[in-house]
Amino acid sequence: MAPPTPLLAVRGSEGLYMVNGPPSFTESAAFQRDSGKNCKAVAFSKDGSLFAWCNGEKCPCWADDESICARNVNNEVHFFENNNFNTIANKLHLQKVSDFVLSPGAQPSKVAVYVPGSKGAPSFVRLYQYPNFEGPQSALANKSFFKADKVTMLWNKKATAVLVIASTEVDKTGASYYGEQTLHYVAANGESAVVQLPKNGPIYDVSWSPNSAEFCAVYGFMPAKATVFNLKCDPVFDFGTGPRNAVYYSPHGHILVLAGFGNLRGQMEVWDVKNYKLISKPVASDSTYFAWCPDGEHIVTATCAPRLRVSNGYKIWHYTGSVLHSYKVPSGEEMWQVFWQPFLDGVFPEKAVKYQAVPSELPSAEPRPAQAYRPPALRNKPVTSSRLHEDEPPQNMKPHLGSSDKPLSKTALKNQRKHEAKKAAKQEAKADANQGPAQDKTPQNALQNAVPAMTTGDPEVDKKIKNLKKKLKAIEQLKEQAAAGKQLEKNQVEKIQKEAALLKELEDLELGV
């Protein structure tokens, strides 16, 4: 029997592939070329029978107890048991399946799979109980949706539900550079819903509470909103608006940090989420990494390369805002990664929340507020506010116990929203009318810096809304002329009489009725 031909693995900008050894030196058909440029690591097993590589896109996925390993291969998810890669234990076949996520926790595992839409058909996410993949009724739950070029699927800790962030590469309304995002809830018991986010704009981050009964979303054009929702997708607590794009629950779930990293200044808000009380507001400037310590008491923030190649280092904080330790790498050196050693649940007991900053030998990390530049001619004059917006305050969305106020029914809530939309539309039309023609000419740079207009996501509906507001603006101007004593023409009086009908049509369009 002839000896086998050795294979040569090649990794470079052309991707990862294998070449047959002598005498052929041709590309091997035994290994399908990975054309991506993100492969960072490759390795053969000691006997050469197994080959592993990591490209950050289609890595193998193990269950928490490592008894099951799965990977996506050509319209199928292959499952291996007990690290036996010679035999495929089970297959989940779905045409064009592009992503999957195994549930956390003990066996039996569940799996969430994503199939992108095509030719007018919607995308969908399905949940399965391993290894029950056969038959049309085998799925535990199914959620279909449009507007999805990619998704992120997040299981809660108890594996009872998945949050799906669906994203498009391009926002067809032109309102955002980030594309469009929607948030969906899919439960293993078959329930599903779209999570209604009350502010338009990107979804920056979503995180499950470790109790698996709540989740927090950070979303909306800056200043972003942050809201905690329950499993019915009803809002529980609204943190208002602020400069944030990330959310982190503590390991015990009793403390939550909202943070603004990346292109924001590193402001953090630390909240007691049992009482919804603010604990501290530290600032970790230039941070590229954040993580809770498994003890639920401490936090690490770090500045790492290659994201930032200067001022690399890390800080260890107490959640009350005190910096307990700080390290900066020597000049000319880089720090690439920091991460805590993991521990199993229960090793560190939950402790009572503190509000007073713990003692520290290091100086306070609170930066001095930067003073806005003022021209010499204005320096001895009173300061006037020039804020582009007012931040919304936090708001408890739960009905108060013992209060006579009962939760609104769906009908009452819908009527309340209609009333608010009608009031807002009338005020907007009146404000536009009061501006007069002298303010119609807006500088081009002011338009570019303006907050994007609220949109429905449907260009045709947005166009109708714009036209209705234009008509209502004209009616307000006519009413003011009549109040000033001007005699109106018959057709102008008829326009005013149509105001109620136009307002009703505008309400229905904005509410999606």
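Between which two strands does the loop that holds Glu334 lie? Glu334 sits in the loop that connects S28 to strand S29 (395-396). The rest of this report describes a predicted model.

## Basis of the report

This is a predicted model, in which local features need pLDDT of at least 70 and side-chain atom pairs count only at pLDDT 80 or more, while totals for chains, interfaces and linings use all residues. Residues are numbered from 1 along each chain as its sequence is written, and side-chain values use heavy atoms, with hydrogens and water left out.

## The chain and its confidence

The chain's secondary structure comes to five helices and 29 strands. Helices (H or I, at least four residues) and strands (E, at least two) are DSSP runs, numbered from the N terminus. Of the 513 residues, 36% count as buried. Buried means under 20% relative accessible area, exposed means over 50%, and partly exposed lies in between (1.4 Å probe, protein chains only). Among contacts between residues at least 6 apart in sequence, 40% join residues at least 24 apart; a contact means heavy atoms within 4.5 Å.

The predictor's confidence in each residue is its pLDDT, from 0 to 100. The chain has a mean pLDDT of 81, with 80% of its residues at 70 or more. Among its elements, strand S21 (residues 246-249) has the highest mean pLDDT (96) and helix H2 (residues 444-449) the lowest (32). Over residues 435-453 the pLDDT is below 50, and this stretch has four contacts in the model beyond near neighbours in sequence. Residues 401-406 also stay under 50, with zero contacts beyond four places in sequence. Where pLDDT is low, the predicted coordinates should not be read in detail.

## The sheet S9 to S12

Four strands, in the order S9-S10-S11-S12, form an open sheet with antiparallel pairing. S9 and strand S12 (141-145) stand at the edges with a single partner strand each, so one side of each has no neighbour in the sheet. From one strand to the next, the twist averages 15°. Axes here are lines fitted to C-alpha atoms, for helices over the stretch in contact, and angles run from 0 to 180 degrees between N-to-C directions.

Two strands pair if DSSP finds at least two bridges between them. S9 and S10 are joined by four bridges, and Phe100 has Val113 in S10 as its bridge partner. S10 and S11 pair over six bridges, with Val115 opposite Phe124 in S11. Five bridges join S11 to S12, where Arg126 stands opposite Asn142.

A nonpolar core is a set of buried Ala, Val, Leu, Ile, Met, Phe, Trp, Tyr and Cys residues joined through side-chain atoms within 4.5 Å. The largest one has 17 residues, of which Val77, Phe79, Leu92, Val111 and Val113 touch the most other members. Strands S6 (68-73), S7 (76-81), S9 (99-102), S10 (110-115) and S11 (123-129) each give two or more residues to this core. S10 gives the most, with three residues. Leaving aside neighbours within four places in sequence, the contacts of Val77 include Leu92, Phe100 and Val113. In soluble globular proteins, nonpolar side chains tend to be buried together.

Four bridges join S25 to strand S26 (residues 298-303), and Ala291 has Val300 in S26 as its bridge partner.

The C-alpha atoms of Glu334 and Cys304 are 7.3 Å apart, although 30 residues separate the two along the chain. Beyond four places in sequence, Glu334 is in contact with Ala305, Arg309, Asn312 and Val329.

## Helix H3

Helix H3 (residues 459-483) has 25 residues, which at 1.5 Å a residue should span 36 Å; its end C-alpha atoms are 36 Å apart, which agrees. The expected span is 1.5 Å times one less than the number of residues. Buried residues of H3 include Val461, Asp462, Ile465 and Glu476. Just after H3, Gly485 takes a positive phi of about 100°.
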